[in-house]
Amino acid sequence: MALQDLVDWRGRPVNQKKQGGVRASVFIHFLIVMSNMATIPMIMNLVTYLHGTMHMDVKDASTTSTNFFGAICFFSFLGAFISDSYIKRFYTILIFAPIEILGYMLLAYQAHFPSLHSPPCDMINNPSDCTPVSGRNLSLLTLGLYLIPVGESSVRTCAAALGGDQFDEDSPAELPGKISFFNWFEISISLGAMVGVVFLVWVQDNVGWDLGFALAALMVLVGTLGVAVGLPFYRHQKPEGSPITRILQVFVAAFRKRKLRVPENLMEMHSKVTDGTGTSVESMDTTAGLMFLDKAAVDDGDTRAWSLCTVAQVEEAKTLLRMIPIFLSSILAYIPFSLLLSLTVEQAGTMDTRLGGITVPPASLTVIPVAVQTLILLVYDRAVMPWLRRATGYAGGVTHLQRAGVGFASSVLAIATAATVEGLRRRRSGRPMSAFCLAPQLVLLCVLDVTSFVGLLEFFYSEVSAGMKSIGGSLVFCILGVASWLGSLLIQVVNDVTARRGGGSSGRDHGWLGGANLNASRLDLFYWLLAVLGLVSFGLYVLCAWSYTYRHDPRMQATTTDGSDVADLHTC
């Protein structure tokens, strides 16, 4: 991304010495730490609140929790589209953060007044005496739960794109900083999660959910104020109009000119022109393949926006089409992630969570893999990646898709481990199993987060054009969101099918996950089904990644002023 495409907060050309770089990214990392101190504990412990306080059964609590996680990811496209099309990323953050805060405050209000949630009862020993939340109280709960994703999703996707804007990937001196930014973006998520699952989960389980939700709102507010302080230091990408419109114009124009031949001198078009709205768009070289779209850039005398497109528009459309197989295969590979995340907390709730004389809340067990995840990222960014960079010639040590593939492989191992542990837990009737036996599956799950999330985030951000950076980052969160919702659908389907076949452990009245608690369910069999799905999905992903051709060559071709290798990007 060239600096001439960026401006400071007053709309003036950026000063490379005053705007951007690590100095600007610190404020963004602070926002991510604070927002994830609120969000990650919510994701991890929500099933406990829904099951213990709102008295939902295992299936409904898991489905609602998974849908909440999915909504946080899926709604990221909303903020991404607005920031790429109409409003700078920084101002999009300031607009959507208060929506997230409002959602937490509504949940705090509901949790504070007993009349707004289900009456107390013994959900473990006498679940039949408990009444699930319903009516207006359920509506209030749903409103609060879905205001949070609308705000949080837009904040996180715009923060990722805003951080990437602070580094010029065409500059040998700044490219390593951009690569490290995404590693530190994930480290910031881990640091926020580590503090949140210890402190905020303890407050939720021991003091009260009302205070827990209120503190979450305060954390998001502090993070928003922190990122606002950094306004003078940011480089801002000017919105370039609706990318959806630009891409649709390509397909319409290509269809209108479907009988024309593509001339050999197509690449001689101006390297940078304006679209139909007069907005300047990034120049992109013509690539091979999908030649039918090149017809949209053939000048046949009709210069209307829906009849003649630029090479840049055509390449935007080509890039999106090429990324579809990666997008779809990644969705399938990510389905087990959110399910394993929420169901592991339910597993821990039935196990012995004592550590010496301290009883650890089930959701706080995730501090173990989060700490490991943070350590892995620090070692990878500071030691492993520079070594791999010299050994392989890639700017990031390995390609983005290779990094993501390592995570998907670890996901299969995590599910198989979870199935084995659950089988052992069921056989130890009357003797509670230590919840710390869940640590291996959580650690393997964090490897997925370290590798696949960062790899895909870098992949989509680097492959799309400058006018679609927010949308590119949002594709990763959309993958997580769609995977979560497909996971909820999988729970429903599996539960219905196994219920008809008498799959529950106590007869034909419920399926594998339809019992009032895990002891009346067959979570171990469900995990083995997920392991098979994960293995098939991994194979599909490897096939798609193997056949993908990068728009930018990730290999190293130049040297920075300090002697470290970086990539001089070339079109494949």
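A disulfide is taken here as a pair of cysteine sulfur atoms within 2.5 Å. The legends below describe a predicted model.

**Figure 1. Cysteines and the disulfide count.** By the 2.5 Å rule, the count comes to zero disulfides. Two cysteines are shown. C309 is buried, because its relative accessible area of 1% is under the 20% limit. C446 is also buried, with a relative accessible area of 4%.

**Figure 2. Overview of the protein.** The secondary structure comprises 15 helices and six strands. The protein has 572 residues, and 58% of them are buried. Of the contacts with a separation of 6 or more, 79% are between residues 24 or more positions apart.

**Figure 3. Helix α11 against helix α13.** Helix α11 covers residues 367–392 and helix α13 covers residues 439–463. Their axes come within 8 Å and cross at roughly 40 degrees, which makes α11 oblique to α13. The crossing of the two helices is right-handed.

**Figure 4. Helix α10 against helix α12.** The axes of helix α10 (residues 311–349) and helix α12 (residues 400–427) come within 10 Å, with a crossing of roughly 35 degrees. Here the crossing is left-handed. From α10, the contact takes in I326, S330, A333, Y334, P336, L340 and Q347. From α12, it takes in L401, F408, S411, A414, I415, A418 and E422. Sorted by class, the residues of this contact are 10 nonpolar, three polar and one charged.

**Figure 5. Surroundings of I148.** I148 is part of helix α5, which runs through residues 135–165. I148 counts as buried because its relative accessibility is 0%. Which residues is I148 in contact with, leaving aside its neighbours within four places in sequence? They are M42, F68, E100, G103, Y104 and L107. For one of these, G103, the C-alpha atom is separated from that of I148 by 4.9 Å. Along the chain, I148 and G103 are 45 residues apart.

How values were computed:
Residues are numbered from 1 along each chain as its sequence is written. This is a predicted model: local features need pLDDT of at least 70, side-chain atom pairs count only at pLDDT 80 or more; totals for chains, interfaces and linings use all residues. Side-chain values use heavy atoms; hydrogens and water are left out. Buried means under 20% relative accessible area, exposed over 50%, partly exposed in between (1.4 Å probe, protein chains only). Axes are lines fitted to C-alpha atoms, for helices over the stretch in contact, and angles run from 0 to 180 degrees between N-to-C directions. Helices (H or I, at least four residues) and strands (E, at least two) are DSSP runs, numbered from the N terminus. Angles under 35 degrees count as roughly parallel, over 145 as roughly antiparallel, 65 to 115 as roughly perpendicular and the rest as oblique. A crossing is left-handed if the near helix is turned anticlockwise from the far one by less than a right angle, and right-handed if clockwise. Contact means heavy atoms within 4.5 Å. Ala, Val, Leu, Ile, Met, Phe, Trp, Tyr, Cys and Pro count as nonpolar, Asp, Glu, Lys and Arg as charged, and the others, Gly among them, as polar.
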